[in-house]
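Keep the picture open as you read.

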Amino acid sequence: ISRGKVKTYKGNEQGKEFITGLYKEGDFFGHLALFEENKYTDSAMPLEDSEIILIPKDDFYSLVYKNSEVSKKFIRMLSDNLKEKEEQLIKLAYNSVRKRVAEALVTLHNRYKKAEEEKFSISISREDLSNLAGAAIETCIRTLSDFKEEGLVEVKGSTIVISNFEKLNSLKN
C-alpha cells in the first residue's frame, strides 16, 4: 500500500464479514496466497482513499528467492501474522464483547495513529467496528455508548475519537 488504509475480510453465506487484516501505507497483503501458490481468498476494501501497488507474481518470486534480506522480512511478517491470528482467536473465544470492542479500538489506535496526533480519531462504520470486534452491530453500538458515557471515546457521526487511551487499553486485559 503506497497510500491509505485497507481492510481485508472474509464473508459468510449470510453476508456477515469477519475482518482478517488492517493495513496501512507500507504494508503488504496478499503475499500468503503467493507463498501457498493458491488464489487469494480474502476480499479487500479501502477504508479511505488509497493507492495500491501490484507486484507481478514473477517479480515477487524473483525478489523473495534471490534476496535473503527480503526473504527474512517476509518470514518475520508471516510469523508475526500467525501470532496475531492466534491471539485474535483466543480473544474471540474467551473475551466479553466489552473487552473485544475495547480491543478493536486499541488495535485501530495502534495500527493507524500518527505520531503528531494528540488524540486518535478514525472514521469507521459501526459495521466494520463490529466485524473487527466479532460482535453484533447493535451490541457494538451499545458498548460504544457505554464507552462514551465513561469518557473513553467521543462519537461524532462515523468518527470515533479515543479520549482516554490508557483506560480503554486497560479494559482489553
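This is a predicted model. We can start at a turning point: just after helix H5, Gly134 takes a positive phi of about 70°. Helix H5 itself covers residues 126-133 and is mostly hidden, with 7 of its 8 residues buried. Those buried residues are Arg126, Asp128, Leu129, Ser130, Asn131, Leu132 and Ala133.

Next comes helix H6, residues 137-149. How far apart are the end C-alpha atoms of H6? They lie 18 Å apart, which agrees with the 18 Å that its 13 residues should span at 1.5 Å a residue. The buried residues of H6 are Cys140, Thr143, Leu144 and Phe147. Looking down the axis of H6, you would find these buried residues within an arc of 105°, so they line one face of the helix.

What covers the buried residues of H6? The cover includes helices H4 (97-112), H5 and H7 (165-171), along with strands S5 (153-156) and S6 (159-162). Just after H6 there is a glycine with a positive phi, Gly151, at about 80°.

In general, most residues other than glycine have a negative phi. Glu37 is found in the loop between helix H1 (31-36) and strand S3.

| Residue | Relative accessibility | Class |
|---|---|---|
| Thr20 | 11% | buried |
| Ile53 | 57% | exposed |
| Glu37 | 63% | exposed |

Why does Thr20 count as buried? Its relative accessible area is 11%, and buried means under 20%. Thr20 is found in strand S2, residues 17-24. Leaving aside its neighbours within four places in sequence, Thr20 is in contact with Thr8, Tyr9, Lys10, Asp42 and Lys85.

Ile53, by contrast, counts as exposed at 57%, and it is found in the loop between strand S3 (43-46) and helix H2 (57-66). Together with Phe28 and Ile55, Ile53 forms a nonpolar patch on the surface, and the three have about 260 Å² of accessible area together.

Technical notes
Residues numbered from 1 in each chain as written. Predicted model: local features only at pLDDT ≥ 70, side-chain atom pairs only at ≥ 80, totals over all residues. Heavy atoms only, no water. Buried < 20%, exposed > 50% of the residue type's maximum accessible area, 1.4 Å probe, protein only. Helix = DSSP H or I, 4+ residues; strand = E, 2+ residues; numbered from the N terminus. Patch = residues over 30% accessible without salt bridge, like charges linked within 9 Å, V, L, I, M, F, W, Y side chains within 5 Å. Areas by Shrake-Rupley, 256 points an atom, 1.4 Å probe, with all protein chains shown as cover. Salt bridge = Lys/Arg side-chain N within 4 Å of Asp/Glu carboxyl O. Expected span 1.5 Å × (residues − 1). Arc of directions from axis to C-beta. Contact = heavy atoms within 4.5 Å.
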